[in-house]
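Open the model in your viewer and keep the selection tool ready. The stops below follow one after another.

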Amino acid sequence: MKLFAQSGLLVSLLIAAGAFAQSPYEQINRVRADPPCPAPAVREPLRRNEALERAAGLLAAGTDLDASLKQAGYRAARSSVVRMASNVPPAELITMFAQRNCALIVEPVFIDIGIHLQAGAITALLAQPFTPQVVQSQEDAGNNVLALVNRARAVARRCGDKPFAAAKPLSRSAMLTLAALSHAADMARNNYFSHDGRDGSNPAQRVERAGYRYRATGENIAAGMNTAELAVETWIKSPQHCANLMSPAFTEMGVAFAIDPRSQLGVYWSQSFGAPR
C-alpha cells in the first residue's frame with residue numbers, strides 16, 4: 001500500500017493560500033486518469049481515506065507500516081508506501097511525486113489513498129482494503145470445484161513422493177456439501193484454520209452428523225483464496241490434500257466456502273470426500 005497521509009492543517013493552509021491549483025488528491029488522480037506511463041485500461045480514481053491519512057502521518061513520524069495501519073484502524077489486503085523529499089514549492093513537489101511514481105499510481109489494485117505533507121516532504125500510502133469475497137454463488141463455486149477436481153483426477157500425477165494413477169470422476173453429494181459448509185462456517189466465524197472443529201469434531205464425525213454413511217471419507221481445507229481455481233490449485237500443490245483429491249477410494253464430494261471479514265484469513269473453504277456404504 002501506499003500512503004499519502006497529509007497533515008490536515010498544513011494542507012488546508014497551503015490550499016487556502018493558493019499553493020495548489022488542485023488538491024494533492026486531485027493532482028494524483030489526474031495522473032491516474034491520464035498517465036505519462038503505460039497503464040492498465042481499467043482504473044477508478046483513488047479514494048481519499050482519512051484512516052490512511054492518519055497512518056501516513058504516523059509513518060512520517062517514524063512508526064512502522066503495520067503499526068501505523070493498526071493504530072489508524074485500516075485493514076489492508078495490500079499496501080505500498082512512498083516517500084519523497086525535495087526543496088521545491090509544494091505544488092511542484094506533488095507533481096514530481098505523481099509523475100515519478102506513475103507506475104504505482106495507476107495500479108488498479110489500489111483503491112484508497114492517504115497523504116501526509118510537511119515542509120519539503122510527502123509520504124503517500126496507497127491501499128487495497130481487506131474485503132474478502134467470492135464472486136460466485138455456493139452452487140456455482142461447488143460446480144466449478146467439482147469440474148476442476150475431476151479434470152485433475154483424469155491425469156496421473158504425483159502428490160509429493162506418492163504416484164497416483166488417473167481416477168474416476170467424482171459426483172456431488174448434498175450431505176457432503178452440508179458437512180463442508182458447516183466446517184467452513186465454523187472456521188470463519190471462530191477465526192481458526194484446522195481439521196479439528198472447535199467442538200472437538202473430526203472430519204468423519206462431521207460427515208456422519210450430516211447424515212452421510214461412509215465406507216471412506218476425507219477432508220481438504222483452504223483459506224484466504226477468493227476463487228475456486230485458487231483453492232483447487234492450493235490443494236493440488238499440497239501432497240496430503242492432493243492425495244485426497246486423487247484417491248480412488250472416493251466417489252463423491254461436497255465443497256463450500258464461508259466469509260467473515262473479522263477473521264484473519266477472510267474466506268474459508270472446506271471440501272468433504274466420501275464413498276457411501
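This is a predicted model: local features need pLDDT of at least 70, side-chain atom pairs count only at pLDDT 80 or more; totals for chains, interfaces and linings use all residues.

Start at Ala147, which is partly exposed at a relative accessible area of 39%. Here buried means under 20% relative accessible area, exposed means over 50%, and partly exposed lies in between (1.4 Å probe, protein chains only). Ala147 sits in helix H7. Helices (H or I, at least four residues) and strands (E, at least two) are DSSP runs, numbered from the N terminus.

Residues are numbered from 1 along each chain as its sequence is written, and side-chain values use heavy atoms, with hydrogens and water left out.

**Still on H7**

Select Asn150, also found in helix H7. Is Asn150 buried or exposed? It is buried, with a relative accessible area of 16%. Leaving aside residues up to four places away in sequence, Asn150 touches Pro169 and Leu170. Contact means heavy atoms within 4.5 Å.

**H7 against H11**

Show helix H7 (residues 138–153) together with H11. Their axes come within 9 Å and cross at roughly 90°. Axes are lines fitted to C-alpha atoms, for helices over the stretch in contact, and angles run from 0 to 180 degrees between N-to-C directions. H7 and H11 are therefore roughly perpendicular. Angles of 65 to 115 degrees get that label; under 35 is roughly parallel, over 145 roughly antiparallel, and the rest oblique.

Which residues of H7 and H11 make the contact? On H7, pick Val149, Ala152 and Arg153; on H11, pick Asn244, Leu245 and Met246. By class, this contact has 4 nonpolar, 1 polar and 1 charged residues. Ala, Val, Leu, Ile, Met, Phe, Trp, Tyr, Cys and Pro count as nonpolar, Asp, Glu, Lys and Arg as charged, and the others, Gly among them, as polar.

**The aromatic pairs**

Turn to the rings. The structure holds 2 aromatic pairs. Rings of Phe, Tyr and Trp (its six-membered ring) pair if their centres lie within 6.5 Å; planes under 30 degrees apart are stacked, over 60 edge-to-face, and the rest tilted.

Select Phe250 and Phe273. Their ring centres are 5.3 Å apart and their planes lie at 15°, so this pair is stacked. It links distant parts of the chain, 23 residues apart: Phe250 in the loop between helix H11 (239–246) and strand S9 (252–259), Phe273 in strand S10 (residues 267–276). Both Phe250 and Phe273 are buried.

Next, select Phe257 and Trp269. This pair is tilted, at 5.2 Å centre to centre and 50° between the planes. Phe257 belongs to strand S9 and Trp269 to strand S10, 12 residues apart. Phe257 is buried at 8% relative accessible area; Trp269 is buried at 0%.

Go to Arg75. It lies over the face of Phe130, 3.7 Å from the ring centre. A charge sits over a ring if NZ of Lys or CZ of Arg is within 6 Å of the ring centre and within 35 degrees of the ring normal.

Then try Asn191, in the loop between helix H8 (174–190) and helix H9 (203–209). Asn191 has a positive phi of about 55° although it is not a glycine.

Finish at Ala119, in the loop between strand S3 (112–118) and strand S4 (121–129). Ala119 is exposed, at 79% relative accessibility.
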